Amino acid sequence: MAGFGRFETVRSLHRSGLSAIYTANEVGGDGEERFAVKIFQSAGAVLGEQHDGAEEERFLEAAQVQQKVAAAGAQHWAAIRDVGTTEDGGAFYVTDYYRRSL
């Protein structure tokens, strides 16, 4: 499956318009689906149009805020393990996989 940072996707959980969520494991890990990869791509990128990447930037900024909050010890916030951009102009973050979460 696709690779995102040091993680690789295992199976699709949800796909909707401009976003997708996959279970994932660490590359070279034990194969357990312990992580979730959340991917976003703006409409302009999906349509192959020129776009400034602002929507992807906001997506990454929100993930980085969550990363800082969770790292500071906030309860009930999922840790963000990695953030980055995709080769096709999208953005992603990797978090712990919880079967039931918002």
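Student: Okay, where is Ser42 found?
Tutor: Ser42 sits in the loop between strand 4 (35-40) and helix 1 (43-46). Helices (H or I, at least four residues) and strands (E, at least two) are DSSP runs, numbered from the N terminus. One heads-up: this is a predicted model, where local features need pLDDT of at least 70 and side-chain atom pairs count only at pLDDT 80 or more, while totals for chains, interfaces and linings use all residues. Residues are numbered from 1 along each chain as its sequence is written, and side-chain values use heavy atoms, leaving out hydrogens and water.

Student: Is Ser42 buried or exposed?
Tutor: Ser42 is buried, because its relative accessible area is 1%. Buried means under 20% relative accessible area, exposed over 50%, and partly exposed in between (1.4 Å probe, protein chains only).

Student: And what does the side chain of Ser42 make a polar contact with?
Tutor: With the side chain of Glu56, at 2.9 Å. A polar contact is a pair of N or O atoms within 3.5 Å; within protein, one must be able to donate a hydrogen and the other to accept it, and residues adjacent in sequence count only if both atoms are side-chain atoms.

Student: New topic: how many salt bridges does the structure hold?
Tutor: Four. A salt bridge here is a side-chain nitrogen of Lys or Arg within 4 Å of a carboxyl oxygen of Asp or Glu.

Student: Why would side chains pair like that?
Tutor: Side chains of opposite charge can pair when their charged atoms come close.

Student: Which residue forms a salt bridge with Glu26?
Tutor: Arg6, and the closest N and O atoms are 3.1 Å apart. Glu26 is in strand 3 (residues 19-26) and Arg6 is in the loop between strand 1 (3-4) and strand 2 (7-16), so this pair ties together parts 20 residues apart in sequence. Glu26 counts as partly exposed at 33% relative accessibility, and Arg6 counts as partly exposed at 44%.

Student: What about Arg11, which residue does it bridge to?
Tutor: Arg11 pairs with Glu33, with 2.7 Å between the closest N and O atoms. That links distant parts of the chain, since Arg11 is in strand 2 and Glu33 is in the loop between strand 3 and strand 4, 22 residues apart.

Student: And which residue does Arg34 meet in a salt bridge?
Tutor: Asp30, at 2.9 Å from N to O. Arg34 counts as partly exposed because its relative accessibility is 48%, whereas Asp30 is exposed, with a relative accessible area of 53%.

Student: How far apart are the C-alpha atoms of His76 and Glu56?
Tutor: They are separated by 25 Å, and the two residues are 20 residues apart along the chain.

Student: Last one: where is Glu61?
Tutor: Glu61 is in helix 2 (residues 54-71), and it is partly exposed, with a relative accessible area of 44%.
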